[in-house]
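This report goes through one protein chain, from single residues to the chain as a whole. Please look at the sequence and the structure before reading on.

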Amino acid sequence: MWSIDRIEGEYALCENTVTGETRRIPLAELPQGAGEGALLHFTPAGWQRAEQEERARRRSMAAKVRNLFGKNLFRE
């Protein structure tokens with residue numbers, strides 16, 4: 001799985017969430033609406049958003065914030 005770290009011009013700088021490898025992917029190859037923080041996986045049809053994993057990651061981060069600060073700073 002890949003995470004979009006940042007957008008640089010016409011490319012998304014992505015990091016493999018397992019190996020740490022980085023890759024520049026042309027924005028034109030990414031699904032509509034994919035931006036910084038989006039999770040992606042590559043299929044025979046091209047890059048696809050991993051929306052279920054994104055929701056799980058947001059819930060996990062929100063729980064960590066609650067544990068640290070005692071409040072919910074992120075909303076789903």
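Does S3 count as buried or exposed, and why? The model is a predicted one, and in it S3 has a relative accessibility of 13%. Buried means under 20%, so S3 counts as buried. S3 is found in strand β1, which covers residues 2-8. Leaving aside its neighbours within four places in sequence, S3 is in contact with L13, C14, E15, T17, G37, A38, L39 and R57.

N16 counts as buried because its relative accessibility is 11%, and the cut-off for buried is under 20%. The side chain of N16 reaches the backbone nitrogen of T19 at 3.0 Å. When residues up to four places away in sequence are not counted, N16 touches M1, W2 and E21.

The two residues are set out below.

| Residue | Strand | Relative accessibility |
|---|---|---|
| S3 | β1 | 13% |

Next comes the nonpolar core. In soluble globular proteins, nonpolar side chains tend to be buried together. Which residues form the largest nonpolar core here? This core has ten residues, namely W2, I4, A12, C14, I25, L30, A34, A38, L40 and W47. Strands β1 and β2 (11-16) each supply at least two residues of this core. One of the core residues is A12. Not counting residues up to four places away in sequence, A12 touches I4, R6, I7, R23, R24, I25, L27 and L30.

The last part concerns the whole protein. Its secondary structure comes to one helix and five strands. Read along the sequence, these elements follow the pattern β-β-β-β-β-α. The C-alpha trace spans about 40 × 25 × 25 Å along its principal axes.

How much of the protein is made up of buried residues? Of the 76 residues, 28% are buried. The accessible surface comes to about 5,500 Å², and carbon and sulfur atoms account for 48% of this area. Among the contacts with a separation of 6 or more, 24% are between residues 24 or more positions apart.

Notes. Residues numbered from 1 in each chain as written. Predicted model: local features only at pLDDT ≥ 70, side-chain atom pairs only at ≥ 80, totals over all residues. Heavy atoms only, no water. Helix = DSSP H or I, 4+ residues; strand = E, 2+ residues; numbered from the N terminus. Buried < 20%, exposed > 50% of the residue type's maximum accessible area, 1.4 Å probe, protein only. Contact = heavy atoms within 4.5 Å. Core = buried A, V, L, I, M, F, W, Y, C linked by side-chain atoms within 4.5 Å. Polar contact = N/O pair within 3.5 Å; in protein donor to acceptor, adjacent residues only side chain to side chain. Areas by Shrake-Rupley, 256 points an atom, 1.4 Å probe, with all protein chains shown as cover.
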